Amino acid sequence: MANAPTIETAIDQLLESNRSLWRGCNRDRLDSEGITTGFALLDEALPERGWPPQGVIEVLSKQPGIGELQLFVPLMRELIASGHWILWIAPPYSPYAPGLAQAGIDLRRILVVGQVEATEDSPKKSTRGIPANEALWSMEKALQIQHCGLVMAWRDALPQRQLRRLQLAAMTGKTLGVLFMRKNSEHSPSSMRLKIEALKHGAEELTAIVVLKAKGRFHPKTVHVQLTGARP
Amino acid sequence: MIKSTGTTQLTLLPQAPQADRTIRPVRPAAPQQTSPQRRSSLWYCLTLPALDTLPPHQQEDCLDQLAQLSQAFSSAISLHPQALVFEIRSGLNYFGGAESLHAKYQQEVEQLLTRLASNYGVSAEQLAFNFAACPTIEGSLLLARGNGNTLVYRKENLHSALGQLPIESLQVKPEPQRRLINMGIRHLGDLWRLPPAGLRRRFGSDFLELINKALGKAPEPIKNYLPPPAFVHSYELPYEVENLSLLRPVVDEMIAQLCDFLRHRELCASSIKLTLIHEQREATPLEVGLRQASRSQQHLMLLIDTHIENLQIPAPVTALHLEVIQFDAFMSHSESLLVGVDKEANNTGDPAAASLEQFMERLQARLGGDPIKGLNSIEEHCPEYASETVRPGENATASATPKNPRPLWLLDEPLRLSLRRGSLYHRQAITLLSGPERIEARWWSGSEVCRDYYVARETGGSRLWIYREREGDRHWYLHGYFA
């Protein structure tokens, strides 16, 4: 059976020449090249070796502050460097400019939708929140802008139908959308679904990122990443 | 009822030129005398002597309304302080003479002023008016301010008609006025006898110019009153329309007309209103405010589409009504909203920037106000003042960032943390990771900030930015998430 491997390679080549064919067994080889996440371990675990270049990413986390934004800081930097915009749609808290600047994000490329100005007299008084349906509308329209960059929004949960709309908008606009959610939605049509959990591993603080779903991968995989590495 | 201050009949001054009067003309007026048949214009002047007792915006509005009314009588109207002058010679035949024109005009002015007086809440005396007509603008102003109710048909009679006016009606400054009185000049007629060169030396060329204009010896350029632009357009639909997408071609046509109108007048619209009219139901108004004034049909249509998209109508639409609420001057090179950052991108026609701007425009049309903001970092010790929202594209260049860690989220209102058996609680127990960073600021503002900031970790894994007040009850607060 000396020539058996050559037959396998031949079959491999044959199958790979047909791009519409997807092979579950060979999930690490996907044609499209993703955008690096900035975390080597996570890149390794994702089928496109990075974030998908377009589509909606769902991020599930039970509580705020466990690194859900840190996870996307390298991506934001990357997109801004290539001249894209970062849109924050109805964020739950105020994005804090000094913190973002520390993370190396160019503030001039950040746009916040649905936040009322805090005035000089009362910096604390700021009524946020555009109606929920308007926020979704804004996100859909923003995703449809060709090559806009990154659109981020925050929801508790979303029905499948609305998720599908957003995913479709992201595909038409070739834009990346990130939805931060609290509740898991089954059978969602989004490109990727992640879950973030904090871990305490001895003295080290790690964040567990569970890839629940990613196009080109069919069983969940958990990655432990140190998101706050550079921080004191 | 507003009454004019004098008699309501125009007194016709003697028409025959008084050739025997010993007037020393300021300049030999030979050419004018050789062509007495030349039709000169006749200016009708309306003054409101007490108008300056009203606030400026009411004065402006009052004159504006009068000017609009006068448009029915003349095509050349010019506005002056507390007065309005228009040309009537060209319309004398149509109105059947100066008297009937005057009677008609006076009646309408009285009606308008009575209405305005009750609108403004002022007394009738404040809107009392005076009128006069003569062949020069300045002359008619002087006559109306003087005695009023005078009509002078011919230029030759101006000397005598104006000569009777007291010198005060020239309304010069107090100092020259005093000198005129000291020179023994009581009436304008006294001026006619003085040599023009001397008058110029004593009172300046402006003074002489005024007199020459009044006497018709100097040209009087006028600035014609132009009514403010208005665009109102209605369209009756041939049948009732329930499906709003069927309205699109009609609206498109109306917007096209609007854009033509704007192009012809070098204008832009910055706020338009489209009203959908229903039978037996209240009309549905759609107000479209623009971030940036525009006259592009495509652009306006897009904004209206945004509004129509999810509109609920109570009944089928029977008619449409389009109106411009706010006009703006047209700028051929309107600045991009995302100035600075985007300049090169716009020049190269970056589609993302262009459509992003369009997106912002639609967002504003839909949500109203200024829903989209940029972020700016300020060098400021007090944490809540170190970040501000600005108009997109107005961010300052990057300022120095603090050395100590700053969170990505900041709570608008610091959240008080509870202490249970000596340990801090938010939702779960909190352990301090690093700190303190002492921040003291704004001692001058009355709400002094004296805090020790710590980076902390909640049992669940959240990284928090918390602080303890150094004064008062020394409570702990949560101020941000590192996220």
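Mentor: This is a predicted model, in which local features need pLDDT of at least 70 and side-chain atom pairs count only at pLDDT 80 or more, while totals for chains, interfaces and linings use all residues. Residues are numbered from 1 along each chain as its sequence is written, chains are lettered from A and ligands numbered from 1 in the order in which they are written, and side-chain values use heavy atoms, without hydrogens and water.

Trainee: How many residues does the largest nonpolar core have?

Mentor: A nonpolar core is a set of buried Ala, Val, Leu, Ile, Met, Phe, Trp, Tyr and Cys residues joined through side-chain atoms within 4.5 Å; buried means under 20% relative accessible area, with a 1.4 Å probe and protein chains only. Among the residues with the most contacts inside the largest core are A:Trp51, A:Leu71 and B:Ile466. The size of this core is 57 residues.

Trainee: Which helix gives the most to this core?

Mentor: Helices are DSSP runs of H or I with at least four residues, and strands are runs of E with at least two, numbered from the N terminus. The helix in question spans residues 73-81 of chain A and gives five residues. It is helix H3 of chain A.

Trainee: What percentage of the residues in chain A is buried?

Mentor: Chain A contains six helices and nine strands. Of its 232 residues, the buried share is 53%.

Trainee: Which residue of E10(B) is the bridge partner of B:Val241?

Mentor: E7(B) and E10 (residues 317-329) of chain B are joined by six bridges in the antiparallel sense. In E10(B), the partner of B:Val241 is B:Val317.

Trainee: What is the area buried between chain B and chain A?

Mentor: Buried area is the accessible area (1.4 Å probe) that two parts lose on being put together, summed over both. Contact means heavy atoms within 4.5 Å, and 56 residues of chain B are in contact with 59 residues of chain A. Carbon and sulfur atoms give 61% of the buried area, which is about 5300 Å².

Notes:
Pairing = 2+ DSSP bridges. Buried < 20%, exposed > 50% of the residue type's maximum accessible area, 1.4 Å probe, protein only.
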